[in-house]
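Visitor: I would like to go through this model term by term. Please set each label against its cut-off.

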Amino acid sequence: MTKPPSNNPLPNKERIKLPRQRVPEQDPQVRAHNFQEVNLGFPAEQARQESLRCIECNKPGCIDLCPVSVNVRAVIDLILAGDYLGAASKVREDNALPAITGRVCPVEDQCESGCVLGKKGEPVGIAYLERFVADWERETGQFGSPVAAPATGKKVGLIGSGPASLACAGDLIQMGHQVHVFEALHELGGVLVYGIPEFRLPKDIVRHEIDVLRRRGVVFETNVVVGKTVTIDELMQEEGFNAIFIATGAGLPRFLNVPGEHFNGVYSANEFLTRVNLMRAYRFPEYDEPLYPCQDRDVIVVGGGNTAMDAVRSALRLGAKSASIYYRRTEKEMPARVEEVHHAKDEGVHFEMLVNPVEFLGDEKGNLTSVKCIRQELGEPDDSGRRSPVPIKGSEFVVPCHVAIIAAGTSANPLIQSTTPGLAVTKRGYIAAKEDTLATSKPGVFAGGDIVTGGATVILAMGAGRKAAKAINEYLKGLDEPKPEQAQATVQA
Amino acid sequence: MFEIVEARPLARGIKQFVIKAPRIAKKQRPGQFIIVRLDESGERIPLTIADADPQAGTITICVQAIGKTTMLMNMLEKGDFILDVVGPLGKPSEIEQFGTTVVVSGSVGTAMAYPTARELKRAGNKVVSIVGARSKDLLVLEDEVRAVSDKTYVLTDDGSWGEKGLVTERLKQVLESCKVDLVLAVGPVPMMRAVANLTAPLGIKTIVSLNSIMVDGTGMCGGCRVLVNNSSQFACVDGPDFDAAQVNFEVLMQRNNMYREQERTSIELLQADPGAELKKLREENARHACALDAVEASHD
């Protein structure tokens with residue numbers, strides 16, 4: 001195979017000498033007190049410099065390892081050609097939400113880990129480049145839209161408006177189908193607006209990506225709790241939907257089930273983040289939704305994932321006297337992205353490893369005052385392959401704490417499963433879907449994202465959305481082909 | 001955008017709204033609730049559905065001005081818009097043929113108990129209603145309740161209407177005079193607790209409808225958790241109806257006080273210039289309505 005013409009003027013040996021560009025960031029001391037974005041993104045010249053580093057592999061590992069298979073090589077070449085709008089529409093062919101994934105993807109485990117430069121030095125900053133073209137498109141008011149297929153007259157309902165659903169919507173609209181997205185909350189974006197904080201993903205950017213989908217023809221309806229406001233059977237039988245994609249997200253917050261969890265000041269990470277992000281409680285009283293005060297108080301976040309990092313860094317920005325991560329294993333086992341942990345440390349978050357709360361303590365008014373913890377050591381590996389923590393007898397200690405945020409994961413929300421006859425679930429209550437097509441046990445109904453896999457990442461949910469779109473497209477094509485049994489039945493009649 | 005098609009004062013500080021919400025009107029059952037957000041800067045609050053007309057596509061709710069949002073809401077009139085209304089949420093009340101049922105309600109709780117009382121009656125139960133309020137001007141839906149009850153007692157704390165006394169005193173007499181199969185209590189937490197304390201030792205099945213603080217209303221945040229039989233239950237999806245004998249009312253009251261100071265701040269700000277807040281809400285929602293029209297036009 002011959003290489004397509006390249007816009008990179010440098011020979012490979014020059015390219016690999018170029019250092020990776022550092023993305024400008026807000027100063028840690030300053031940003032620890034505001035909700036503005038931490039990463040400021042590449043200016044055009046830095047984007048060009050970073051693009052020059054790509055050696056244009058014949059078999060690009062970056063594309064293989066991207067859950068939505070963005071054509072990274074072609075995007076980088078368009079950046080070098082100065083065609084930023086072309087680069088943006090190239091990204092959008094595979095990724096409906098580039099400004100978002102360019103900010104929140106765990107690229108060190110995906111595209112960037114496939115970059116051959118990473119073997120000896122640092123990989124190309126692919127996420128920053130993706131973000132650059134998406135931001136350029138938005139800031140210049142342009143819109144790199146791929147051309148859609150002719151209308152099929154088929155109607156698909158998407159339940160939830162998080163990353164899985166939005167990615168699915170982007171592909172389905174491209175294939176010429178009518179797409180209608182139902183959202184339970186008042187704002188679109190799912191976890192992108194209620195979960196991920198403003199300083200990591202500004203809400204304006206989510207809104208813009210949704211506006212782009214709207215301009216491409218996707219219809220959005222908020223305030224619809226499918227399973228309550230309307231059921232899936234009603235959507236298919238009464239409202240004319242030919243297929244449904246369920247992408248309702250992870251669901252119910254897990255608590256620790258230790259005494260005192262009902263004290264005022266104990267939050268699930270879901271609630272804390274929803275109040276702060278979706279409801280803008282950090283701008284109280286300008287916004288009405290209140291938040292139990294963090295200002296000048298000790299805040300402990302229990303957990304070690306990205307949600308825990310988001311919560312603890314939010315608490316810091318709300319003026320906490322101390323903001324700490326309490327995790328039951330060691331830093332090595334923490335599921336959070338390395339970059340998020342670094343950011344948290346730079347901002348002054350305290351990390352306490354190998355500890356677990358055993359009881360929350362409060363005063364006579366029911367307000368949290370302290371938490372009793374036990375120290376742990378690592379024992380044998382568990383099912384996940386991580387060494388499981390074992391409590392050390394007699395190591396209990398009590399620390400003052402006014403706000404405790406539990407970020408110990410989520411379990412399946414049964415809302416849809418319990419109101420949809422014929423929809424099979426797994427042992428743990430998630431929706432059972434075929435691995436290759438995401439088809440459920442119910443004809444025409446597909447499911448993907450956290451409601452199938454349990455809590456995962458934005459980009460994996462988007463990958464599921466794309467996979468579902470492909471399978472739904474096949475399914476809808478099949479609807480037009482006459483079925484042999486039906487043909488026979490007609491003859492007999 | 002949800003249009004208010006009717007708004008009328010029911011009692012002092014209590015207003016009844018009929019809101020256009022066709023999807024909810026079609027699906028709602030007695031005991032379920034909605035969550036409203038008045039405007040862009042508004043909080044989300046749960047309100048029990050008092051009635052619905054599926055043909056007209058409307059729901060009815062009764063709102064008592066207690067916090068900032070309910071005070072602002074009660075300034076709204078026919079023709080105004082509410083930005084967000086979602087529902088019906090929660091499990092419907094269990095309606096069966098129990099036998100003799102007593103429906104105890106206090107203040108605005110009467111508006112919430114009324115549809116359940118009506119359904120209990122329809123299901124063939126004998127319905128005894130005990131309606132209470134602090135005084136006559138806080139009493140709501142007395143005629144409606146009488147129309148669906150076999151026997152109705154009305155009490156006020158100050159004796160300004162009906163009997164003078166507490167609903168629990170009357171309930172005690174009713175329990176002594178006949179065999180009761182089910183008690184339903186809806187109202188202020190201390191009232192529901194008093195009812196539970198009365199009926200639990202007698203082993204009479206008693207249901208209370210809990211009003212804990214909520215955000216999403218779909219089980220996602222866990223903020224509405226209540227201690228029932230010593231384990232955490234979410235009022236939004238596991239309730240709002242619970243077995244009164246198992247509810248920890250102490251914890252419910254403490255949790256309902258969680259944002260007391262912030263609530264006071266919000267009320268003070270509203271009261272400083274209520275007209276300005278109302279104007280802001282109307283302007284913002286009008287802007288949203290225009291934006292929505294534009295989107296719909298672009299799809300036509």
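**Labels and their cut-offs**

Guide: Asn223(A) sits in the loop between β3 and α12 (232-237) of chain A. Helices (H or I, at least four residues) and strands (E, at least two) are DSSP runs, numbered from the N terminus. This is a predicted model: local features need pLDDT of at least 70, side-chain atom pairs count only at pLDDT 80 or more, and totals for chains, interfaces and linings use all residues. Residues are numbered from 1 along each chain as its sequence is written, chains are lettered from A and ligands numbered from 1 in the order in which they are written, and side-chain values use heavy atoms, with hydrogens and water left out.

Visitor: Why is Asn223(A) called buried?

Guide: Buried means under 20% relative accessible area, exposed over 50%, partly exposed in between (1.4 Å probe, protein chains only). Asn223(A) has 6%, so the label is buried.

Visitor: Which residues does Asn223(A) contact, leaving aside neighbours within four places in sequence?

Guide: Contact means heavy atoms within 4.5 Å. Among them are Glu183(A), His186(A), Phe2(B) and Val86(B).

Visitor: How do you know that β1 and β4 of chain A pair?

Guide: Two strands pair if DSSP finds at least two bridges between them. Strand β1 (residues 155-159) and β4(A) have 4 bridges, so they pair, and they run parallel. Gly157(A) stands opposite Ile244(A). On β16(A), Ile244(A) faces Val445(A), and Phe245(A) has Phe446(A) as bridge partner.

Visitor: What makes β3 and β16 of chain A edge strands?

Guide: The open sheet has 5 strands in the order β3-β2-β1-β4-β16, paired in parallel. Both β3 (219-221) and β16 pair on one side only.

Visitor: Why is β4(A) said to be covered on both faces?

Guide: In a regular strand the side chains alternate between the two faces of the sheet. Ala243(A) and Phe245(A) are buried on one side, Ile244(A) and Ile246(A) on the other.

Visitor: What makes a nonpolar core, and which members touch the most others in the largest one?

Guide: Such a core is a set of buried Ala, Val, Leu, Ile, Met, Phe, Trp, Tyr and Cys residues joined through side-chain atoms within 4.5 Å. The largest has 83 residues; Ile100(A), Leu158(A), Phe245(A) and Ile472(A) touch the most other members. Helix α17 (residues 458-480) of chain A gives the largest share, 10 residues.
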